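Here's a quick briefing to read alongside the model. Have the sequence and the 3D view open as you go through it.

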Amino acid sequence: MTSLFDLVTQQVGKGIALALVALLSAAVYVIGRVVWREIRRFGCFLYSRHRTLSAVARTTTKDGTREGNGVWIAQPIEQPDDYKSNFHGAKVLAIANLKGGVGKTTLAANIGAFLSHDQRWNKRVLLIDLDFQGSLSSMVLPEDERWLPPAGQDSLASRMISGDLDAGLLVSCAKPTQHQPRLKIITAHYDLAQADNRLLIEWLLKCRNRAEKSVRRALGDLLYGKLFKRYDVRYNLADVLHSDAVREAFDLVIIDCPPRLTTGTIQALCASSHLLVPTILDRPSAEAVLRFCEQVEGLKSANICPHLKVLGAVGSKYRDGLNAENGASARIADRLREMKVGYGMLPNILFFPQTVELVRDATDGIAYFVMANNDSGKKARTAIEALSTYIAQHIGLPPDPASHTPFVSTQQVNAK
Ligand SMILES: Nc1ncnc2c1ncn2[C@@H]1O[C@H](COP(=O)(O)OP(=O)(O)OP(=O)(O)O)[C@@H](O)[C@H]1O
Ligand SMILES: [Mg+2]
């Protein structure tokens with residue numbers, strides 16, 4: 001039986017027939033790819049619609065309608081390879097509380113300044129600003145506008161949470177501070193608000209499959225049985241902060257979170273080995289701490305950030321034990337004990353005192369570097385030292401082996 005190819009060869013000659021076959025194959029290949037892409041898009045659309053709606057679904061019971069657990073508890077959870085083992089020895093501290101103005105940024109900057117500058121520690125510290133207001137960025141780099149992203153470019157924080165800064169780039173882009181080159185920062189600006197929203201929406205709507213990236217990657221994924229592993233925006237920061245390059249360049253990473261559960265905040269919780277919750281000691285702030293701790297526990301038990309260790313809540317703007325402050329502190333401690341979460345209020349001796357020495361204009365810089373040597377300055381320095389030392393010891397940061405100056409030990413702090 002004569003094949004179609006033979007017929008065509010007889011009519012137009014073998015060379016042209018072969019060329020036609022090649023052209024036809026190319027056309028089939030291109031059309032096939034387009035059709036396959038559209039089928040996948042449609043599948044994604046159906047799946048993501050279901051996923052988005054279930055992520056924000058309310059529950060209705062006989063008692064009434066209740067909002068769901070929130071979008072960040074959404075399943076499935078696709079943690080990076082070796083996510084659990086990467087936490088071994090990781091030193092990443094998130095400073096977070098969903099209440100605004102409680103001293104998160106002040107604590108982050110001063111703890112970083114102390115641990116990088118004090119000769120007993122001499123640590124290489126990376127600060128990460130995840131608040132689009134850029135308060136930490138302007139506090140750490142006050143001397144000029146180096147922290148503002150160049151015109152037409154996104155801030156470093158936006159690029160980082162989008163997964164566009166690989167580890168090597170992150171290390172080279174981190175900006176050193178004027179007072180202490182061992183202290184560096186990844187800066188944020190207003191574009192971060194848009195990046196936070198974009199990433200959430202992209203993640204919910206577009207099931208970006210890893211296989212889309214390249215044929216080589218797809219084949220690798222197929223080999224390792226991960227072809228259908230989906231992109232999970234919650235782990236972008238973990239991916240980069242747990243890399244060898246970042247671990248080699250920095251002894252400690254401190255993340256200053258915004259007072260909202262943004263994409264950046266959730267990434268910080270998933271990337272951090274430890275969490276510190278600063279709070280003002282008044283009634284509404286005590287409620288906010290408890291609410292936040294409940295949310296963190298929810299995320300941990302949903303296996304989203306199961307390895308996060310909470311150091312506890314710490315008082316800021318502390319006015320030396322007014323009745324109201326003691327009441328708020330006791331309420332937080334009691335409730336956390338009832339919740340059996342394994343952490344509570346840190347000892348009073350670690351609280352940051354309320355003092356003008358810690359209040360900085362955008363042009364002043366980090367208080368620890370520039371504050372006066374008067375009584376309140378000394379008191380603030382002692383508090384910074386005590387809290388930083390406590391944190392370093394609990395995170396497992398060793399003191400600088402070359403230093404022989406003694407410092408307050410955790411046992412001494414706990415004993416007070
Ligand atoms: N110990 C302190 N004593 C006096 N003022 C303080 C102290 N700590 C912080 N402040 C002041 O309180 C204000 C809020 O502090 P900060 O920006 O650190 O809080 P935050 O929790 O990071 O706020 P946000 O939620 O807006 O990011 C700032 O003006 C800061 O200077
Ligand atoms: Mg802040």
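Seven strands make up an open sheet with mixed pairing, in the order β5-β6-β4-β7-β3-β8-β9. At its edges sit β5 and β9 (309-316), each of which pairs on one side only. Strands here are DSSP runs of E with at least two residues, helices are runs of H or I with at least four, and both are numbered from the N terminus; two strands count as paired if DSSP finds at least two bridges between them.

This is a predicted model, where local features need pLDDT of at least 70 and side-chain atom pairs count only at pLDDT 80 or more, while totals for chains, interfaces and linings use all residues. Residues are numbered from 1 along each chain as its sequence is written, chains are lettered from A and ligands numbered from 1 in the order written, and side-chain values use heavy atoms, leaving out hydrogens and water.

**Inside the sheet**
- Strands of a sheet pair through backbone hydrogen bonds, either parallel or antiparallel.
- β4 (residues 125-129) and β6 (residues 183-186) run parallel, joined by four bridges, and Leu 126 has Lys 184 in β6 as its bridge partner.
- β5 (residues 175-176) pairs with β6 in the antiparallel sense over two bridges, with Lys 175 opposite Ile 185.
- Six residues separate β5 and β6, and the two strands form a hairpin.
- β3 (residues 92-95) and β7 (residues 252-256) pair in the parallel sense over four bridges; there, Leu 93 stands opposite Ile 254.

**Around ligand 1**
- An oxygen atom of ligand 1 is 2.8 Å from a side-chain N or O atom of Lys 104, and an oxygen atom of the ligand is 3.5 Å from a side-chain N or O atom of Asp 131.
- A nitrogen atom of ligand 1 lies 2.8 Å from a polar backbone atom of Pro 353.
- On its own, ligand 1 has 630 Å² of accessible area (Shrake-Rupley method, 1.4 Å probe), and the protein covers 79% of it.

Notes. A polar contact is a pair of N or O atoms within 3.5 Å; within protein, one must be able to donate a hydrogen and the other to accept it, and residues adjacent in sequence count only if both atoms are side-chain atoms.
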